[in-house]
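Take the stops in order and look around at each one before going on.

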Amino acid sequence: MRVLTALMASVTVSLLVAFVTGVMPASVGRSRRRKVVESRTAVALRQSGLTIPVSRMYLLAFGCGVAAFVGVYGLSGVGVVAIGPAVVAGLGPRWWLARRAAHRQEAIQRAWPDAVRDIVASIGAGMSLQHSLEQLADHGPPALRPVFTRFSVAARAAGVVPALEGMRDDLADATSDRVIEILLVAYERGGSIVPDILRDLASATTRDIWVLEQVQTESLEQRINARAVFALPWFVLIAITLQEGPFRDFYRSASGVVVIVIGGLASTLGMMLIRRLGNQPVEPRVLGKIR
């Protein structure tokens with residue numbers, strides 16, 4: 001019974017980790033799985049605009065998990081009850097990082113149409129494309145000003161093309177890839193058709209942003225309901241084990257551990273299914289790459 005309980009607990013924890021990180025266990029080596037997670041974390045750090053090392057994020061996650069386990073175990077007195085909150089708390093920094101990266105990427109995507117229109121207006125006023133890009137560091141959309149500030153420095157040191165390619169790697173999203181690739185073509189080829197191409201690009205990007213906002217708005221209620229259904233049983237479980245009594249005694253026993261593990265496994269599988277069904281399509285990065 002103890003072996004079965006331990007096995008079921010380990011499966012539950014693995015599925016919880018896979019659900020939050022989006023990395024499902026596969027029949028590959030441990031080092032390969034670690035590389036996949038690290039690469040995604042590094043990309044999320046770059047997209048969020050943070051410069052902290054990946055190892056510090058893992059250390060923070062470990063500390064949050066240990067703190068949650070100690071706190072819940074101190075309240076409930078049942079170790080297996082504290083496993084679920086500890087896993088969720090340990091993966092909390094990764095979730096926060098993903099949300100921060102998503103918010104920053106959304107702000108940048110919304111800023112691109114205005115930035116492209118500013119470039120078109122500057123070119124129409126007689127500026128070169130390089131000067132048009134550099135002036136966005138002071139007068140462009142706020143979300144893109146830091147990016148174009150770094151571009152101005154890099155363009156003077158290494159040239160416009162390497163600076164644009166570095167910007168593309170820094171932003172690391174499909175919309176920015178598409179815009180920057182057209183800017184690269186416009187800089188290398190030039191010609192009178194460039195303003196027309198940039199206007200079409202601004203219009204197409206605006207339409208894409210509008211569709212994305214519509215999809216996110218319509219799916220918001222379903223996401224909130226799914227997370228509430230997943231979290232509420234754990235809050236109830238912690239509440240009924242706060243004091244000595246039959247509930248705490250039961251969940252300390254082998255039968256109680258099996259009930260918690262089965263319940264955690266079922267709720268995790270359900271949440272994974274809901275997440276998979278409600279996943280929004282993400283445009284792949286054709287021009288970028290994840291190392």
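## Stop one: a buried glutamine

In this predicted model, begin by selecting glutamine 109, which is buried because its relative accessible area is 15%, and a residue counts as buried when that value is under 20%. Glutamine 109 has its place in helix H5. If you now show the surroundings, leaving aside residues up to four places away in sequence, you will find that glutamine 109 touches Asp173, Thr175, Thr205, Ile209 and Leu212.

## Stop two: the largest nonpolar core

Next, select Trp112, Phe148, Phe151, Leu164 and Met167, which touch the most other members of the largest nonpolar core, a set of 30 residues. Several helices each supply at least two residues of this core, namely H5 (92-124), H6 (129-134), H7 (136-139), H8 (145-158), H9 (160-171), H10 (174-189) and H11 (194-240). The largest share, 7 residues, comes from H5.

Which residues does leucine 164 touch, not counting residues up to four places away in sequence? Select leucine 164 and look for Leu133, Phe151, Ile180, Leu183 and Leu184. Then move to a second, separate core of 15 residues, where you can pick out Val78, Ala82, Ile238 and Val257, which are included in it.

## Stop three: H9 against H10

Now colour H9 and H10, which pack at an angle of about 175° with their axes 9 Å apart. Angles over 145 degrees count as roughly antiparallel, and H9 and H10 are therefore roughly antiparallel to each other. On the H9 side, select Val160, Val161, Leu164, Glu165, Met167, Arg168 and Leu171, and on the H10 side select Ser176, Asp177, Ile180, Glu181, Leu183, Leu184, Tyr187 and Glu188, as these residues make the contact. Colouring this contact by residue type will show 9 nonpolar, 1 polar and 5 charged residues.

## Stop four: along H10

Keep H10 selected and follow its 16 residues from one end to the other, since the helix reaches 22 Å from its first C-alpha to its last, close to the 22 Å expected at 1.5 Å a residue. Which residues of H10 are buried? They are Ala174, Thr175, Ser176, Asp177, Val179, Ile180, Leu183, Leu184 and Ala186, and what covers these buried residues includes H5, H6, H9 and H11.

Key
Residues are numbered from 1 along each chain as its sequence is written. This is a predicted model: local features need pLDDT of at least 70, side-chain atom pairs count only at pLDDT 80 or more; totals for chains, interfaces and linings use all residues. Side-chain values use heavy atoms; hydrogens and water are left out. A nonpolar core is a set of buried Ala, Val, Leu, Ile, Met, Phe, Trp, Tyr and Cys residues joined through side-chain atoms within 4.5 Å. Buried means under 20% relative accessible area, exposed over 50%, partly exposed in between (1.4 Å probe, protein chains only). Helices (H or I, at least four residues) and strands (E, at least two) are DSSP runs, numbered from the N terminus. Contact means heavy atoms within 4.5 Å. Axes are lines fitted to C-alpha atoms, for helices over the stretch in contact, and angles run from 0 to 180 degrees between N-to-C directions. Angles under 35 degrees count as roughly parallel, over 145 as roughly antiparallel, 65 to 115 as roughly perpendicular and the rest as oblique. Ala, Val, Leu, Ile, Met, Phe, Trp, Tyr, Cys and Pro count as nonpolar, Asp, Glu, Lys and Arg as charged, and the others, Gly among them, as polar. The expected span of a helix is 1.5 Å times one less than its number of residues.
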